[in-house]
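Visitor: I would like to learn how to read a few features of a protein model with some care. Could we go through them one at a time, with the general idea before the particular case?

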Amino acid sequence: MPIGSSSPQVRPARSGRVGAATMKRRGHLGGVHASARSTSRGPRAERLAPYVLVAPAVLIIVVLRLWPLVLGVNFSFTGDGEFNGTPVGASNYLELLGDPLFRTSLSNVGLLVLLLPVAVAIPGLLATFIYLRVPGHRVYRSVYFFPAVLSPVIVGAIFNLMLGFDGPVNAILGAIGAGPIDWLGDPGIAMFTVVGVHIWATFGMALVVFLAGFSTLDASLLDAARVDGASLGRTIWHVIIPSLTRTIQFVFVTTMIGMLTSMFGLLFVMTGGGPEGSTYLPEFYIWHQQGQMNRPALASAASTVLFVVMLVVGLLQIGVLRRAGRQD
């Protein structure tokens, strides 16, 4: 090329390297932006995931539980018979307060609350015997769940035969000179009899819960109690009960709910609400008003009262047990 020529020099190789570097840089920047976008979407998806997973259960509870509850409460303020669908204010609730059968059912709820510690202590002690492997624990492990698989109707029929005035239980009492007892015909003891049968028939589920709670118990605490020479009673009171506070709370609440809502079968078969209405519970009263007297609005009012009673009793139980746990 002549000297002084001003023609530009072309360097294709260098230009190619520059283009490749530019494309690589652009690709890298594009990847950074894509990664940033995916990172920004990640936390949002993680925040939404729990709500998406819980949504079906919440929807089922709202549709099948809360909405019917609201409808039932609303229906309790309407009338029955010729006033069907007509708002009547609180007249149904005033009628409940004046009904001796309903007052008896509420007093029986108080009796259930008093007997609740017994209903919880029985499966708790049996679970403790099984866990500590005291003598006889193999028998408890073999038979404890058998009553829970029986229908309440079958259980009621069996105990009707056993506790009849001429039944085998009174025959045994007569043989030892104790005399026969009218287990199901005496208004003073019929409710205690039905509650005792219910505890026998349902303690297996609570015992399973207690055994699951024992799986979280720190075994070193029991070993320390044995080294210190603590008796079985002291070990239960000072080690096991404080360690199973949450399990005990759960069993208390579920057992109380079961007593208030799962005794209809036994009551229907064993006493039919008698004698003299002494074994009425709110759920049996609700069935009587709805199915026998054709008064659905009054039954809805009784159902609302039962719901409030269960809620208040459950909250009181949890509060008492929490305070007891803090003191321990």
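Visitor: Let me begin with a single side chain: is Phe159 buried or exposed?

Guide: The model is a predicted one, and burial is read from the relative accessible area, with values under 20% counting as buried. Phe159 has a relative accessible area of 14%, and it is therefore buried.

Visitor: Returning to Phe159, how should I read its ring together with that of Trp200, and what kind of pair do they form?

Guide: A pair of aromatic rings is described by the distance of the centres and the angle of the planes. For Phe159 and Trp200 the centres are 5.3 Å apart and the planes stand at 70°, so the pair is edge-to-face. Phe159 belongs to helix 5 (residues 152–163) and Trp200 to helix 7 (residues 190–214), and the pair links distant parts of the chain, 41 residues apart. While Phe159 is buried, Trp200 has a relative accessibility of 35% and counts as partly exposed.

Visitor: How many aromatic pairs does the structure hold, and which residues form an aromatic cluster?

Guide: The structure holds 10 aromatic pairs, among them that of Tyr280 and Phe284, whose ring centres are 5.0 Å apart and whose planes stand at 85°, so that this pair is edge-to-face. Both Tyr280 and Phe284 are buried, and they belong to one aromatic cluster together with Phe264, Phe268 and Trp287. Phe284 is also one of the buried residues of helix 12, which include Tyr285, Ile286 and His288.

Visitor: Turning to charged side chains, how many salt bridges are there, and which residues are linked in a network?

Guide: Side chains of opposite charge can pair when their charged atoms come close. The structure holds three salt bridges, and a network of them links Asp80, Glu95 and Arg295. In the bridge between Asp80 and Arg295 the N to O distance is 3.5 Å. Asp80 lies in the loop between helix 1 (12–75) and helix 2 (91–98), and Arg295 in the loop between helix 12 (282–292) and helix 13 (296–327), so the pair ties together parts that are 215 residues apart in sequence. Arg295 also meets Glu95 in a salt bridge, with an N to O distance of 2.6 Å, and here the partners are 200 residues apart, with Glu95 in helix 2.

Visitor: Where do Arg226 and Asp223 lie, and how many residues apart are they?

Guide: Both lie in helix 8, three residues apart, which is about one turn of the helix. Arg226 forms a salt bridge with Asp223, with the closest N and O atoms 3.0 Å apart. Arg226 counts as exposed at 53% relative accessibility, and Asp223 as partly exposed at 40%.

Visitor: How do the axes of helix 8 and helix 9 cross, and which residues make the contact?

Guide: The axes of helix 8 (residues 219–227) and helix 9 (residues 232–243) come within 11 Å and cross at roughly 170°, which makes helix 8 roughly antiparallel to helix 9. Helix 8 contributes Leu221, Leu222 and Ala225 to the contact, and helix 9 contributes Thr235, Val239, Ile240 and Ser243. These residues divide into five nonpolar, two polar and no charged.

Key:
Residues numbered from 1 in each chain as written. Predicted model: local features only at pLDDT ≥ 70, side-chain atom pairs only at ≥ 80, totals over all residues. Heavy atoms only, no water. Axes fitted to C-alpha atoms, helices over the stretch in contact; angles between N-to-C directions. Helix = DSSP H or I, 4+ residues; strand = E, 2+ residues; numbered from the N terminus. Parallel < 35°, antiparallel > 145°, perpendicular 65-115°, else oblique. Contact = heavy atoms within 4.5 Å. Nonpolar A, V, L, I, M, F, W, Y, C, P; charged D, E, K, R; others polar. Phe/Tyr/Trp six-rings, centres within 6.5 Å; stacked < 30°, edge-to-face > 60°. Buried < 20%, exposed > 50% of the residue type's maximum accessible area, 1.4 Å probe, protein only. Salt bridge = Lys/Arg side-chain N within 4 Å of Asp/Glu carboxyl O.
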